[in-house]
Amino acid sequence: MTASCALETKVLCKSFGALAVANAINFQLLPGARHALIGPNGAGKTSFVNLVTGVLQSTSGQILLDGEDVTRLSQAQRVKRGLARTFQINQLFRGLSVLENVTLAISEREGVAGNFWRPAGKRTAVVEEAYALLDKLGIADEALRAVRELAYGRQRLVEIAVALGLKPKVLLLDEPAAGVPSSETGTIIEVIERLDPTIALLIIEHDMELVFRIARRITVLVQGTVLVEGTPAEIAADPHVREVYLGERVTP
Amino acid sequence: MTAKSAAHTIATFARRHRLRPMEALPWVLAVAAYFVFPDYLALGAQILATLLFGLSADLVLGYAGIVTLGHAAFYGVGAYTAGYLAAHGVGSPIIGLIAAMVAAGAVGFISGLIILRTQGLSILMLTLVVCVMLQEAANKMTSITGGADGLQGMEVQPVLGMFRFDMYGHTAYWYALGVLFLGWAVTRTIVHSSFGRSLTGIRENVARMNAIGTPVFFRLVTIYTISAMLAGAAGALIAETTQLVALNVLSVDLSGTILVMIILGGVGRLYGAFIGVPLYMIAQDRFSTIDPTYWYFWIGLLLVLVVAFARGGILGMADAVLRRFKRSP
Ligand SMILES: Nc1ncnc2c1ncn2[C@@H]1O[C@H](COP(=O)(O)OP(=O)(O)O)[C@@H](O)[C@H]1O
Ligand SMILES: [Mg+2]
């Protein structure tokens, strides 16, 4: 069972002083999963992503990627094993062009980013791949513009494009629609729906419409503890969840 | 239509690496200056050597975003290495230059391993500390460095065994120009390469570089070492062409001055140093004769104006003007 998980955490714990942001989290993400992680603000969702990717070091517990223990590995080593993430608040190269943002990621994946002598823009295969990716996400027309000149909704797409440039096996999306006007969330949902089905996807989201459209499994996190996990129907019907998180707004 | 605009976009993206005609300008001017100002060749050689120092500082500050107040450490180590060798029978300028680069590179590598683990203000303080410690060491080790009196008895042989250093600075000028040209070629290649672009990525957003799997620390140590080697070469040039090395080559003062020069010209633009360094040094030369007491005030005023009104330095300002010019035909 263990070996078939794309991503797994075992009794993962992390505290900031007295505050436990991860409280013995046992979590499994299966290959090809469409899994959502939900929970109120400050529940520890982003911290979970930071732990899994190695931005934060866990206090105790284990993180496994494709059955392999990566708990002590650096961020870069985890990325090499097929793990990619996006950020709740854009982390982009704002002064660089959209095309270059993605090119940087692909160069890194291809192992050419340490090369001293060949002009970066003349690596045609890399740049073409970056362009094709932008084209797929519908932002190729802005390829040469600096990221900071783009509307926020489009920047969110670049955020996803950079992660996809890594050709991940496991993709963690931290609130991909955060800050995007509701008229534009449709584009982002579409992009996520069209993702390669073999990617194991974990999506953190507040927008319940988005969650119920995409997720086939949902985990609810409250104060660093997994409250419940199940299918969307089970989660929507769960009285605890309704109480602490969903309120009465959601219809199953 | 899509295919055509794809090809067009990709070609445009590659085009920025092309060598533009404007890039020949500094070299044309440098050669012209040799003939137009024959009385100022000694100053000219110093400007050229300092330019190389400026290029190396820009790699670290402008490209990788490492804020350093101790870049003179490498310049000084280079100067003392070349100077010491010339004072002890190894007078070949080229050997002195290479030895200086190796020594400065080693200091850059080792200090980089420690310093570059930290960020922000800590980096600033640690670079400063390294510089101060080296200067103090040079001050104490009088048997090697001559201490406060400076290094005595340098005897620099002719370049390549053929071109003797003369009192007018003819050889010094060409020698400095040649080394600067090589340093520029290396620097330009690096900043256009994938490695160079990844440095810009680190400057723009370290968190994202980590998230795309960049070995950030390793990249920073690498560029810090390369930059230290170039700074060491600049120090060697100064030592060999002036036949003089004193403690000021290791000063924090000099570390700050080189930053002022490249900020004036514009950082992270490769050619910022080519504007800022000559401007500063010529202004220093002129102002200090016209107004010896207050010349530094005028330099300071210029810097304040540039920082307040021309983010990106003089080159950045020129860029902005040109762009506006192009937009409104
Ligand atoms: N580096 C940190 N130091 C201290 N507290 C932190 C740090 N990062 C997050 N926290 C705290 O941990 C809790 C969980 O934060 P986060 O994981 O961002 O929640 P979520 O993404 O679910 O909204 C919050 O109370 C937050 O203030
Ligand atoms: Mg969050």
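## Terms and model

Helices and strands are DSSP runs, numbered from the N terminus; a helix is a run of H or I with at least four residues, and a strand is a run of E with at least two. The model is predicted.

## The mixed sheet

An open sheet of 6 strands in chain A has the order β6-β7-β8-β3-β9-β10, with mixed pairing. Its edges are β6 (83-85) and β10 (225-230) of chain A; each has a single partner strand, so one side of each is left without a neighbour in the sheet. On average, neighbouring strands of this sheet are turned by 20° against each other, direction ignored.

A:Arg85 has A:Leu172 in β7(A) as its bridge partner. Across β6 and β7 of chain A lies helix α5 (residues 152-164) of chain A, which runs at about 160° to β7(A).

## The antiparallel sheet

Chain A also holds an open sheet of 4 strands in the order β2-β1-β4-β5, where the pairing is antiparallel. Here β2 (19-29) and β5 (68-69) of chain A are the edge strands; each has a single partner strand, so one side of each lacks a neighbour in the sheet.

Strand β1 (residues 7-16) and strand β4 (residues 60-65) of chain A run antiparallel and are joined by 5 bridges. A:Lys10 stands opposite A:Gln62 in β4(A). Helix α1 (residues 45-53) of chain A lies across β1, β2 and β4 of chain A, at about 115° to β1(A).

Note on methods: Residues numbered from 1 in each chain as written. Chains lettered and ligands numbered in written order. Predicted model: local features only at pLDDT ≥ 70, side-chain atom pairs only at ≥ 80, totals over all residues. Heavy atoms only, no water. Pairing = 2+ DSSP bridges. Axes fitted to C-alpha atoms, helices over the stretch in contact; angles between N-to-C directions. Contact = heavy atoms within 4.5 Å.
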